[in-house]
Amino acid sequence: FFPVLLHILVTQKSTYTTLPSVLLVGPSGAGKTALLTLLERGPLSAPAGEKPSLTGPASPAPTHTSQAPAAVELAVSTDGTSSFRDDLDATGATAKRFLLIDTPGHAKLRRLALSHLSPAKPSTSPTSSYSATPKSRLKGLVFVLDAAALADGDALPATAAYLYDVLLALQKRASGAKGSKPPPAIPVLIAANKLDLFTALPAALVKSNLEAELGRIRKTRSRGLLDSGVGADDDVAGIEEGDDWLGEYGSDKFSFKQMLEFDIEVEVVGGSVLGDGPGADRWWKWIGQRA
Ligand code: GDP
């Protein structure tokens with residue numbers, strides 16, 4: 001008997017229709033699988049109160065390259081304050097259970113991750129068994145990125161482009177339900193991972209670099225619209241105002257605060273899954289409070 005409070009329930013489809021879920025997205029190599037493994041197996045690899053080691057009996061699951069996302073069932077105390085290392089069964093705490101769903105980071109498979117975010121049509125893909133989940137059960141989205149890779153600049157445009165698509169999908173989700181009640185807002189945690197590496201950018205810089213790059217992408221993608229002289233105040237038939245424009249329409253600089261207009265809270269928090277870094281506790285807390 002292991003003090004298991006977390007069970008893999010990938011095969012039990014019925015859970016997908018009942019449990020709230022949190023989605024892990026982000027580019028390949030960011031650490032999504034490592035994070036999922038840590039949160040799932042933390043209690044197995046270290047006694048409560050100690051830092052779990054991923055080199056122990058619970059080695060990280062290999063990054064999955066198939067289309068099928070991995071999902072694990074996790075539990076947090078109902079007040080959201082328990083650690084992922086706590087054995088909730090042993091402490092007798094009442095727990096709320098939720099799913100953490102990993103998605104493939106590979107660019108060609110990202111549509112699958114984004115398909116979770118459009119409320120209208122559930123995916124018909126036979127590989128995404130959770131696609132029938134009522135979208136209202138999606139409680140949060142964690143965008144994992146490699147803060148060390150961002151430091152050399154090369155990874156910034158690609159990472160930001162993916163983040164742009166994710167945020168735009170959420171924005172459309174929020175603003176698409178015109179007239180009707182909008183679906184429950186999905187908050188976003190940007191998990192700046194690998195802060196154990198001294199080359200990694202601190203969270204504040206990750207945030208400002210992303211905001212600058214998202215602003216650049218927004219300008220580029222809307223160039224056609226801007227060049228045609230369509231401004232924020234123009235009402236042109238056939239052009240939905242700011243259709244693909246992320247954040248405050250017509251604004252010069254992008255900031256994550258602009259997403260609040262669509263009820264989307266975005267937070268950038270640094271951490272690490274491996275090595276001697278700040279750890280994953282702040283991410284876990286964010287997830288536990290929203291699940
Ligand atoms: P995924 O593609 O997003 O699922 O990324 P993985 O979880 O497979 O991680 C990619 C690589 O980054 C692996 O070699 C991990 O061991 C490594 N990695 C993940 N998290 C950390 C971290 O916090 N610090 C360091 N130094 N490496 C990490």
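This briefing describes the protein chain as a whole and then one of its helices, H7.

The structure is a predicted model, in which local features need pLDDT of at least 70 and side-chain atom pairs count only at pLDDT 80 or more, while totals for chains, interfaces and linings use all residues. Residues are numbered from 1 along each chain as its sequence is written.

**The chain**
- The protein chain has nine helices and six strands, where helices (H or I, at least four residues) and strands (E, at least two) are DSSP runs numbered from the N terminus.
- Of the 291 residues in the protein chain, 41% are buried, a residue being buried if 20 or more other C-beta atoms, placed from the backbone, lie within 10 Å of its own.

**Helix H7**
- Helix H7, residues 203–221, has 19 residues and spans 26 Å from its first C-alpha to its last, close to the 27 Å expected at 1.5 Å a residue, a figure that is 1.5 Å times one less than the number of residues.
- The buried residues of H7 include Ala-203, Val-206, Lys-207 and Arg-218, and among the elements that cover the buried residues of H7 are helix H5 (147–151) and strand S5 (188–193).

**H7 against H6**
- H6 and H7 pack at an angle of about 70 degrees, with their axes 9 Å apart, the axes being lines fitted to C-alpha atoms over the stretch in contact and the angles running from 0 to 180 degrees between N-to-C directions.
- The two helices, H6 and H7, are therefore roughly perpendicular to each other, a term for angles of 65 to 115 degrees.
- Their contact (C-beta atoms, placed from the backbone, within 7 Å) involves residues including Leu-156 and Tyr-164 of H6 and Asn-209 and Ile-217 of H7.

How values were computed:
A residue is buried if 20 or more other C-beta atoms lie within 10 Å of its own, exposed if 12 or fewer, and partly exposed in between; C-beta atoms are placed from the backbone. Two residues are in contact if their C-beta atoms, placed from the backbone, lie within 7 Å. Angles under 35 degrees count as roughly parallel, over 145 as roughly antiparallel, 65 to 115 as roughly perpendicular and the rest as oblique.
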